[in-house]
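I went through this structure contact by contact. My notes follow, in the order I looked things up.

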Amino acid sequence: MLSTIREHADSWMIKSILWLIIIAFVGTIFYSWGMGGASGSAGGAIATVAGEKIYQQEYERTFNNLVDFYRQQFRNQFTNEMIKKLGLKTQALEALIQKKLLLLEAEKQNLRVSDAELISHIRSLPVFQSDRKFSKRSYDGYLQSQRISHRDFEDNQRQALILDKLEKLFRTSSKVSQSEIREAFVNEEEKAKLDYVRFNSDHFQVEKSFTDQELNDFFQANKKQFEIPPQIRVEYVKLEPKTYLAQIEPRDEDIEDYYQTKIADFRVKKNYRASHVLVHIKLTEVEGDASPEEKQKQAEDKAKALATELREKIKAGADFGEIAKKHSDDPGSGPKGGSLGEFPKGTMVSAFETALNKLEIDGISEPVLTPFGYHIIRLEGREEERIKPLEAVREEVIQSLKEIKARQKVRRTAKHIYQETEKGSNLKSAAENNQAQTIVTGFFSRENHNLPEIGDQPQFFNTAFSLEENKVSQPIHTLEGSFILKVTGNKQAYIPELEEVRKIVGPALTEQVNQEYTSSKFKELEQKLSQEKDLEKAIQGLDLGVRHTPSFSRADSIPGIGNIREIKEKTFAMNVGDISSAKVRNRFYLFKLVEKEAAGEPDKEQVQKITQQLKREKSIQMFQEWVENLKIRAEIMIDKNLL
């Protein structure tokens with residue numbers, strides 16, 4: 001997943017996906033600033049922005065929200081590795097810094113949100129809706145479950161609305177020149193096709209065994225490469241919610257409150273069971289020299305006449321299923337007697353659903369026109385929209401409550417353990433007093449901290465490397481649980497003897513030799529191709545193959561290659577038949593331009609679309625540049641030891 005994003009990072013597809021993610025998160029974070037509780041001072045200030053503090057608790061909540069958000073976007077493709085690769089810790093802090101800067105600027109601009117605006121906004125939030133109306137009970141219950149006061153929530157929602165107003169100031173009618181429109185059009189519409197050869201920087205292997213002297217010479221010349229970095233050993237307590245699940249039995253009143261708070265989650269959409277006969281509108285069956293509009297009308301009339309005839313046969317007693325099997329143009333449902341099975345409201349196009357809503361059970365519709373053709377619909381069953389009763393979802397509610405209360409129990413226990421260590425108890429005894437145990441790690445470094453029992457927990461390792469020896473950390477709360485830790489040992493960085501690292505020196509030397517050999521082969525291929533522009537001949541006997549791209553534009557990622565700027569720039573500067581080469585990261589490329597298609601001229605609709613896109617991009621760029629200028633002018637201090 002990450003390699004795909006890296007290789008295609010500038011493509012319109014990936015830009016669109018990532019921009020949607022950013023837009024969605026901006027909306028989510030504004031919302032979560034109001035939903036996650038007041039900005040308490042627990043954990044101390046992690047940063048200050050023009051004198052305004054960002055507290056550790058606020059930062060951790062934003063980081064966890066951001067992790068949750070990306071998990072929802074990427075689902076099972078999201079891994080703990082992505083937390084580090086995407087820099088979510090930095091993103092979380094940047095979001096909070098930006099929030100502080102924007103609120104300060106909004107105050108200077110005298111932006112305000114009236115009580116009426118705030119009330120209207122809160123009443124419209126889906127989480128507080130019951131039967132599509134604002135529910136005071138859901139509102140109170142939700143805030144109680146989130147342990148946030150009405151005042152704090154409303155203040156934070158007011159801030160979110162102010163920030164939204166500030167951002168809207170930049171949705172201006174930016175000017176777009178004809179040359180910019182032309183350039184954007186060419187970037188998307190000028191096309192090229194390549195033949196190419198691609199291989200990794202160690203593709204060509206040298207079969208060689210190295211002597212002890214060669215290994216030692218390489219090691220002596222590259223000692224710094226094999227330096228053992230500083231290491232620490234940690235004693236820690238790990239508290240997981242699953243440990244406490246069996247101990248928790250939610251009260252009836254808690255179950256009822258949770259159900260009312262989350263009642264929107266238990267809504268079941270209106271459901272239908274139906275069959276249909278579909279008659280396609282077949283333009284190819286219309287003969288003569290009529291205009292396209294006349295042919296369309298004739299084809300529609302013919303399809304409607306057939307649909308009407310089939311409906312009359314059904315009404316006269318013909319079997320609906322047999323008619324569907326024989327005459328329906330729907331390849332999915334036709335062989336099944338027209339059956340569409342069960343489906344929820346919103347599945348079918350609007351004209352189809354409008355007809356369904358007018359039918360009685362077992363009723364047959366008049367021919368219904370949709371973009372697919374004419375339908376004869378039989379409604380076989382209908383269930384109205386409903387809310388699942390509490391008893392039907394009781395076990396689900398109980399499980400959710402258990403998980404919530406188990407997380408709360410974990411945090412309370414972590415707090416108690418930490419408080420006991422502050423009063424003089426050592427970590428081990430404080431843990432035992434709270435029915436927990438300590439674990440001691442082996443030595444590990446920032447660069448190599450593969451601890452399976454910890455997993456990928458940036459907060460754990462950042463805290464560990466910021467602690468003084470024998471000092472106990474404040475509780476660290478993550479999605480998986482809570483940690484309290486103490487550094488119990490340190491090792492300074494050192495250059496090892498060859499024997500200590502021999503098992504990695506050998507492969508490193510082999511890799512270097514293979515890369516040097518591959519680089520020399522690449523230069524040989526470049527020389528061959530400069531004389532005779534034939535990729536197939538040049539690579540004969542080298543375990544390589546020529547690949548072919550489909551058409552692509554400057555705005556696209558090159559299929560099979562990726563969004564590599566250097567290759568695209570060379571491609572669109574070449575003439576058909578020219579050959580070029582490039583080395584990008586750890587790969588070599590040889591490529592030949594085999595086809596080029598000019599962009600032509602944009603039509604009115606394309607000009608309008610490009611103009612809107614460019615204006616949107618300019619307003620986004622203006623907003624980001626303005627925010628960056630705010631950052632440059634503001635006094636921002638960050639305590640990196642707390643990150």
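**Charges over rings.** Lys-89 places its charged end over the ring of Phe-63, 5.3 Å from the centre. Lys-491 lies over the face of Phe-443, 4.6 Å from the ring centre.

**Ground rules.** The model is predicted, so I note that local features need pLDDT of at least 70 and side-chain atom pairs pLDDT 80 or more, while totals for chains, interfaces and linings use all residues. Residues are numbered from 1 along each chain as its sequence is written, and side-chain values use heavy atoms, with hydrogens and water left out.

**Aromatic pairs.** How many aromatic pairs does a search of the whole structure find? It finds 23. I took rings of Phe, Tyr and Trp (its six-membered ring) as paired if their centres lie within 6.5 Å; planes under 30 degrees apart count as stacked, over 60 as edge-to-face and the rest as tilted. Helices (H or I, at least four residues) and strands (E, at least two) are DSSP runs, numbered from the N terminus.

Phe-204 has 8%, so it is buried. Tyr-517 has 34%, so it counts as partly exposed.

Next came Phe-218 and Phe-226. Their ring centres are 6.2 Å apart and their planes are at 70°, so this pair is edge-to-face. Both Phe-218 and Phe-226 are buried. I also found one aromatic cluster, formed by Tyr-236, Phe-444, Phe-460, Phe-461, Phe-465 and Phe-483.

**Strands around β11.** Two strands pair if DSSP finds at least two bridges between them. Strand β11 (residues 373-383) is mostly covered, with eight of its eleven residues buried. Strand β8 (residues 271-279) pairs with β11 in the antiparallel sense, over nine bridges. I noted two positions here: Tyr-272 stands opposite Arg-382 in β11, and Ala-274 has Leu-379 of β11 as its bridge partner.

Strand β10 (residues 368-370) also runs antiparallel to β11, joined by three bridges. Leu-369 is bridged to Tyr-374 in β11. β10 and β11 form a hairpin, with two residues between them.

How much of β8 is covered? Eight of its nine residues are buried. β8 pairs with strand β9 (residues 339-344) too, antiparallel over four bridges. Tyr-272 turns up again, opposite Phe-343 in β9. A reminder to myself: side chains in a regular strand alternate between the two faces of the sheet.

**The open sheet.** What is the strand order in the open sheet of three strands? The order is β2-β1-β20, with antiparallel pairing. β2 (52-55) and β20 (636-638) stand at the edges with a single partner strand each, so one side of each lacks a neighbour in the sheet. Neighbouring strands of this sheet are turned by 20° against each other on average, direction ignored. Strand β1 (residues 45-49) is joined to β20 by three bridges. Ala-47 stands opposite Ile-638 in β20.

**Helix packing.** I looked up helix α6 (residues 115-124) against helix α8 (residues 150-168). They pack at about 100° with their axes 10 Å apart. Axes are lines fitted to C-alpha atoms, for helices over the stretch in contact, and angles run from 0 to 180 degrees between N-to-C directions. α6 is therefore roughly perpendicular to α8, a label for 65 to 115 degrees; under 35 is roughly parallel, over 145 roughly antiparallel and the rest oblique. Contact means heavy atoms within 4.5 Å. Among the residues that meet are Leu-118 and His-121 in α6, and Phe-153 and Leu-161 in α8.

**Gln-260.** Gln-260 is in helix α11 (residues 252-261). Is Gln-260 buried or exposed? Its relative accessibility is 17%, so Gln-260 counts as buried. Gln-260 touches Arg-137 and Ser-138, leaving out residues up to four places away in sequence.

Conventions
Buried < 20%, exposed > 50% of the residue type's maximum accessible area, 1.4 Å probe, protein only. Lys NZ or Arg CZ within 6 Å of the ring centre and 35° of its normal.
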